[in-house]
Amino acid sequence: MVRLAFIFLGIILLLVCNLPITSHAASSHYPLQIKFPEYMLYQGQVEQKVIALTFDDGPDQRYTPEILDILKKHDVKATFFLMGSRVAKHSGVAQRIAAEGHAIGNHTYWHPNLAESNIRNMEWEISKTQEQILKATGEETHWFRAPYGALNEKQVLMLGNLNYKGIGWSIDTQDWRAPGKESIKDEVISKIHPGAIILMHNAGHWTQDLSGTVDSVDELIPLLKSLGYQFVTVPQMWEINNGR
């Protein structure tokens with residue numbers, strides 16, 4: 001009986017170990033993507049080694065141009081989630097982002113915590129930012145990232161009604177804490193996976209030091225390419241993930 005029990009336990013462990021990891025990760029960590037796959041994406045459920053670099057809180061005149069220079073150097077396209085108030089102040093940088101072929105997303109006007117806001121204010125934040133992005137770049141965006149990733153189900157449904165897709169992330173570099181180049185690189189390399197959406201920042205409070213982000217991007221791109229990863233934008237990741 002004891003022997004049979006060990007055999008049975010071994011079979012269970014084999015079955016558990018062979019469960020699809022990506023499916024488990026999505027259901028455990030990204031319930032909004034599971035419940036609203038037509039509106040939300042935190043990571044691509046894909047086998048291809050495709051990853052998306054994303055940058056929040058810009059544009060600015062300090063770090064954004066440096067990051068754009070590095071992306072151009074390595075021939076990589078990224079996705080920039082822009083704040084409307086900063087687009088209004090640095091419209092030329094926003095125009096450059098679009099002109100160089102990067103994808104643009106909406107990151108609200110004033111960067112509020114939407115969990116503490118109401119639907120009407122959220123709609124104003126989105127529409128006001130869209131207005132500034134259109135004015136600066138001549139483009140509309142249908143991609144949205146909530147500050148701090150704070151969204152509830154009611155807000156997700158509102159995004160759908162506004163013809164937006166909500167975008168989260170599966171790798172948070174915590175670069176806004178200024179941990180340094182090596183820490184940012186280690187965070188990405190240790191957690192990289194097919195379909196990864198990587199969260200970084202290209203602007204912030206004037207006291208924030210994002211030089212580690214700039215330096216890490218310059219070294220991460222060739223390193224990840226050497227591991228067989230291909231860089232895509234969020235719209236491309238959505239298309240690969242959803243087949244459209």
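I number residues from 1 along each chain as its sequence is written, and side-chain values use heavy atoms, without hydrogens and water. The model is predicted, so I need pLDDT of at least 70 for local features and 80 or more for side-chain atom pairs, while totals for chains, interfaces and linings use all residues.

**Helix α6.** I took helices (H or I, at least four residues) and strands (E, at least two) as DSSP runs, numbered from the N terminus. α6 spans residues 91-99. Which of its residues are buried (under 20% relative accessible area, 1.4 Å probe, protein chains only)? I found V93, A94, I97 and A98. Seen down the axis, they fall within an arc of 140° (directions from the helix axis to the C-beta atoms), so they line one face of α6. An α-helix has 3.6 residues a turn, so residues three or four places apart point the same way. The buried residues pack (heavy atoms within 4.5 Å) against α4, β3, α5, β4 and α7. G101 follows α6, with a positive phi near 85°.

**Helix α9.** I looked up residues 181-191 next. I184, K185 and V188 are buried there. They cover an arc of only 95° around the axis, which puts them on the same side of α9. Their cover includes β7 (171-172), β8 (197-201) and α10 (211-226).

**Patch.** I189 is also in α9. I189, L223 and L227 form a nonpolar surface patch. Together they have about 210 Å² of accessible area (Shrake-Rupley, 1.4 Å probe; only the protein chains shown count as cover). Patch residues have over 30% relative accessible area and no salt bridge (a Lys or Arg side-chain nitrogen within 4 Å of an Asp or Glu carboxyl oxygen). Like charges are joined within 9 Å, nonpolar side chains (Val, Leu, Ile, Met, Phe, Trp, Tyr) within 5 Å.

Notes. Buried < 20%, exposed > 50% of the residue type's maximum accessible area, 1.4 Å probe, protein only.
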